[in-house]
Amino acid sequence: MAQPTPLLKGTLDVLVLKSLCWGAMHGFEITVWLEDHSAGYLAVDDGALYQALHRMEERLLIRAEWGITENNRRARYYMLTATGRAHLRSESASLVRYARTVMAILAEHPA
Amino acid sequence: MTGPIRAGVRRLFRLAVRRGDSIREQMDEELRFHLDARVAHFIARGMTPEGARAEAMRRLGTSLPETLDRLGRSAVWKEQRMAMRERIDDLMHDVRYAVRGLMRRPGFAVVAVFTLAIGIGANTAIFSAVDALLLRALPFNNPSRLSDIALTSTSGGPTQWSWPKFQVYRNAQRSYSSVALMATMPATLTGADPDRISIESVTAAYLTTLGVRITMGHDFPAEQDSISGDAPKRALISNSLWQRRFQADPNVVGKFIHIDSDAYEIIGVLPPTFLGLSGKADVLIPVTARPTDELAAAQAWSLEYTMIGRLKPGVMPGRAASEARILGERVYDAYPFGKGMFTTGTADKWSAVARPLDTIRVAATVRRSLLVLFVAVGIVLLIACVNLANLLLGRASSRRQEIAVRLAIGAGRARLVRLLLTESLLLALAGGTASVLVGWWGTHLLRTLNDADALSAQGLASGIGGSGFESIRLDPRALVFTFAVTLFVGVFFGLVPALQATRPQLTAELKDGSSGSGLGGVRLGATRRILVVAEVALALMLLAGSGLMLRSLRNLMGVNPGFDSDRVLTLRLSVPPGVVAPDSMPGFYQEVQSALAAVPGVLQVALADCPPLNGGCNATIMTFPDRPQTVTGNAMVGVHWVSPSWFGTMRVPVKRGRLFTTDDRLGGPKVVVINEAAARKYFPNEDPVGKTVKVFQGGFDAGATVIGIVGDVRFGTVNSAAAPDTYISYNQARVSRMMIFLRTAGNPLTVVASARRTLHVIAPLDPVFDIRTMSERVGAATSQARFSATLLTLFAVIALGLAFMGIYGVMSFGVAQRTREIGIRIALGADRTRVLRMIVREGAVLVTIGAAIGLAAAFALTRLLRTLLFEVAPTDPVTYVGIVVVVGVAALVASWLPARQASRVEPTEALRR
């Protein structure tokens with residue numbers, strides 16, 4: 001397994017919101033999703049993830065509900081709110097713009 | 001737009017606010033699940049259980065308990081913040097809803113806010129006055145331990161002290177840690193740029209008793225009180241005089257100040273907040289600096305000083321009071337009336353009384369009128385609130401269907417009440433804010449309306465230590481009061497309509513939106529009818545009070561004071577003692593008189609030491625040498641020094657005998673003129689002219705002949721009959737402080753400038769002051785009564801207006817709700833007049849009940865006014881009949897207007913609704 005890259009500040013929230021686009025997930029599912037989708041390159045600190053969830057729940061970007069897993073265990077499921085969806089749209093757009101710009105600069109070669 | 005989710009969504013999803021420990025438990029559970037899932041995940045990928053567990057823990061960060069704690073705390077904070085935000089959202093929602101509702105009916109909102117602004121503002125203003133004059137602590141250290149100690153006699157009320165009597169009391173008393181005397185008097189600051197100042201003549205312990213510490217210089221030495229007269233002339237000056245006259249000179253102590261041509265050494269400067277008991281002291285000087293003969297035992301009956309005392313720690317006021325009674329008698333025993341001083345009249349028993357200083361801070365009539373006004377503004381506010389409640393009730397019932405729907409889909413009643421309450425609170429807050437303007441204006445008016453001079457002219461204490469009318473301010477205390485009243489109004493008078501509107505009988509409302517469409521019966525509802533009755537009753541009570549006060553004022557204005565005040569100018573010339581030799585004083589004034597008589601526009605010139613309606617003048621004892629000395633009492637008479645021309649100038653009629661002539665002069669046989677009251681009281685069955693009397697003042701105690709009787713002049717107050725008075729000619733007695741009276745051809749104010757110029761030529765160093773027309777003086781003398789009557793009438797008119805609006809509102813609402821019924825009646829052939837009569841009758845019944853209750857309450861309440869009324873009984877039938885007519889007519893008009901509208905209903909129009 002390659003050495004995971006620590007997350008850039010501020011990107012965790014957007015990635016979590018993105019993961020919830022596909023439907024309600026509990027905290028562990030979110031970490032797995034992030035690891036799968038980054039091919040293991042992104043390392044998520046579990047404690048930080050839950051604090052991010054609290055933060056976004058407070059900002060009404062997501063809401064939480066207790067549900068039952070396939071293995072019949074109680075778990076807290078998180079889902080996007082309309083606000084969260086809108087937030088995701090605007091944040092991901094600006095993040096993509098940022099990444100593109102950085103990439104374009106780094107891709108330049110001395111003449 | 002990315003707004004937050006609507007309030008209520010959380011509840012919809014059962015995300016009730018949770019308590020801290022349950023949130024932590026949930027966080028624990030969530031994290032345990034996370035760990036288990038992670039471990040299972042690693043095992044599924046082929047790790048050993050131990051390795052999987054270790055890796056899962058590593059991913060969690062530091063130790064498990066630490067993480068749990070951190071996340072638990074974060075979860076609790078989140079919940080709390082969300083709950084808080086939700087409450088704010090709810091509130092904002094309610095406010096928005098209320099604002100929208102009010103915007104939809106701006107007329108309603110404006111009327112409500114305006115009504116409340118007046119109601120609350122009037123309360124704020126009167127509260128400020130009550131606070132300044134009655135409630136606020138006196139500006140002295142620990143004022144509750146201060147007493148006023150006064151001499152009393154059975155025939156007169158509390159009176160003042162002389163230096164000899166004070167000494168007896170001071171040496172015997174055991175209740176007070178210190179007692180002190182104070183007398184206030186005007187004086188002239190002589191020298192270059194002469195100035196009128198106010199002096200307090202005090203004993204050494206004055207400042208100690210009041211608890212005032214001198215910051216610059218030092219207090220009067222205690223030993224100054226061990227000598228009776230001619231003590232060193234020392235002065236303590238007020239901070240403002242120090243700034244004004246000495247430009248805040250830091251080396252002022254040791255300098256001299258010239259008061260009435262006497263040099264006083266300045267020994268200290270008073271703190272800026274201290275203005276003395278009189279509230280206007282510029283300089284304090286020692287009592288004992290007066291000449292010895294003025295403080296001698298012979299002057300024991302020169303009662304001119306107020307005494308205060310500070311209770312010793314632990315001494316109850318009751319003990320001091322009983323001590324005062326005993327010592328008062330001892331004081332009398334020490335200085336009984338001299339031989340030959342007992343004459344006619346009833347036996348007088350002298351004693352002393354000690355009262356908390358706070359109880360004498362304002363005169364009883366002022367206190368009483370303030371309380372009456374406070375009750376009056378309370379009633380005005382109550383009516384305003386009843387109107388508000390009525391309006392809200394009307395709104396609520398027109399929104400019944402909306403409310404019923406909300407209740408039906410499960411909105412909690414508490415939530416709905418809160419919603420409606422927000423509206424009334426919003427109105428109240430808007431009204432309260434607007435009321436600050438009304439209150440500011442009102443306090444300004446109160447401050448200027450009743451100045452201290454006018455009050456003292458009516459013999460009324462105008463506040464101790466500067467806590468009088470001039471100290472009325474819209475201060476933070478008043479604003480807190482306003483805010484409290486506003487909240488109370490908003491909650492209390494919004495609550496009743498809100499509770500009523502959300503009464504859970506929804507089915508009927510849902511089935512039939514227009515609840516008022518049923519036939520017959522009054523649709524006003526019990527609550528609204530009670531409100532109408534209450535309004536009528538309250539307005540009637542106020543009107544009764546103001547009616548009585550107005551009648552009393554009319555009686556007061558109708559009093560003949562005994563002289564003609566029209567076109568008379570009065571002014572004073574301050575002649576400091578010593579500037580003009582006492583014996584040449586008549587000559588000096590003769591010069592003044594003839595100079596002024598030459599001023600164009602001046603018809604007559606006269607002098608007197610004390611103007612009429614002054615709140616009281618100098619008085620002394622009169623005896624009758626040709627009668628047997630019976631030890632039964634004493635004959636008190638007022639003594640007035642006048643010029644021979646005074647009676648003519650003031651148009652005081654001669655009843656018998658003759659007036660003074662220029663032949664009655666110093667050295668000639670002494671003569672006096674008495675008034676009719678004195679003739680009636682002291683010469684009941686004989687002709688006083690030619691009789692000999694002894695007047696213990698001005699050197700007339702050797703005996704003088706009564707030469708004439710003049711009509712009674714009221715020197716005290718307008719509402720008290722003239723006391724027995726004697727007049728002596730200023731040509732026969734030396735006196736320095738005379739008031740000048742000018743009768744003029746036209747407006748007396750037009751001669752002011754030339755009179756001033758003339759006086760400046762004769763006496764360039766003597767300031768001219770106290771320039772007022774006699775009409776102004778008469779006006780000032782009734783200002784207290786006018787003040788109460790005007791304000792009370794103002795409040796009563798407002799109350800009547802509000803009640804009119806209230807009745808009109810209720811009746812037109814009732815009519816509007818019955819339009820269909822009325823339409824049917826008319827369609828079926830009912831006479832329009834009968835419809836009119838039917839509705840007016842409904843109003844009349846309510847008004848009659850209200851009037852009956854109001855009358856009963858007014859009968860009980862107007863007793864409060866008894867001491868304020870002049871020659872009117874609190875149960876004066878004319879007043880009552882009058883106000884019942886006024887209220888009745890107003891109420892009938894208020895219900896006739898909507899009724900007329902109803903009787904004009906077109907049946908087709910009404911039925912279509």
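**Conventions.** Since the model is predicted, local features need pLDDT of at least 70 and side-chain atom pairs pLDDT 80 or more, while totals for chains, interfaces and linings use all residues.

**Entry 1, interface.** I looked up the contact of chain A with chain B, with contact meaning heavy atoms within 4.5 Å. Chain A gives 29 residues to the contact and chain B gives 32. The buried area (accessible area, 1.4 Å probe, that two parts lose on being put together, summed over both) is about 2900 Å², and carbon and sulfur atoms give 54% of that area. On the chain A side, A:Phe28, A:His54 and A:Glu58 lose the most area to chain B, together 24% of what that side buries.

Helices here are DSSP runs of H or I with at least four residues, strands are E runs of at least two, and both are numbered from the N terminus. I took helix 3 (residues 46-58) of chain A and helix 4 (residues 64-104) of chain B, which pack at about 5° with axes 9 Å apart. Axes are lines fitted to C-alpha atoms over the stretch in contact, and angles run from 0 to 180 degrees between N-to-C directions. The two helices are therefore roughly parallel (under 35 degrees). By class I note four nonpolar, five polar and seven charged residues. Nonpolar covers Ala, Val, Leu, Ile, Met, Phe, Trp, Tyr, Cys and Pro, charged covers Asp, Glu, Lys and Arg, and the others, Gly among them, are polar.

A cavity is a set of points on a 1 Å grid over the protein atoms alone where a 1.4 Å probe fits but cannot get out, and lining residues have an atom within 4 Å of a point. Points are joined across faces, edges and corners, and volume is the space filled by probe spheres set on them. I found ten cavities of 30 Å³ or more.

I noted a positive phi near 55° for B:Asp230, in the loop between strand 5 (216-217) and strand 6 (234-237) of chain B. Phi of B:Asp260 is positive too, near 50°.

Terms used
Residues are numbered from 1 along each chain as its sequence is written. Chains are lettered from A and ligands numbered from 1 in the order in which they are written. Side-chain values use heavy atoms; hydrogens and water are left out. On a 1 Å grid over the protein atoms alone, a cavity is a set of points where a 1.4 Å probe fits but cannot get out, and a pocket is an open set with protein on both sides within 12 Å along at least five of seven lines; lining residues have an atom within 4 Å of a point. Angles under 35 degrees count as roughly parallel, over 145 as roughly antiparallel, 65 to 115 as roughly perpendicular and the rest as oblique.
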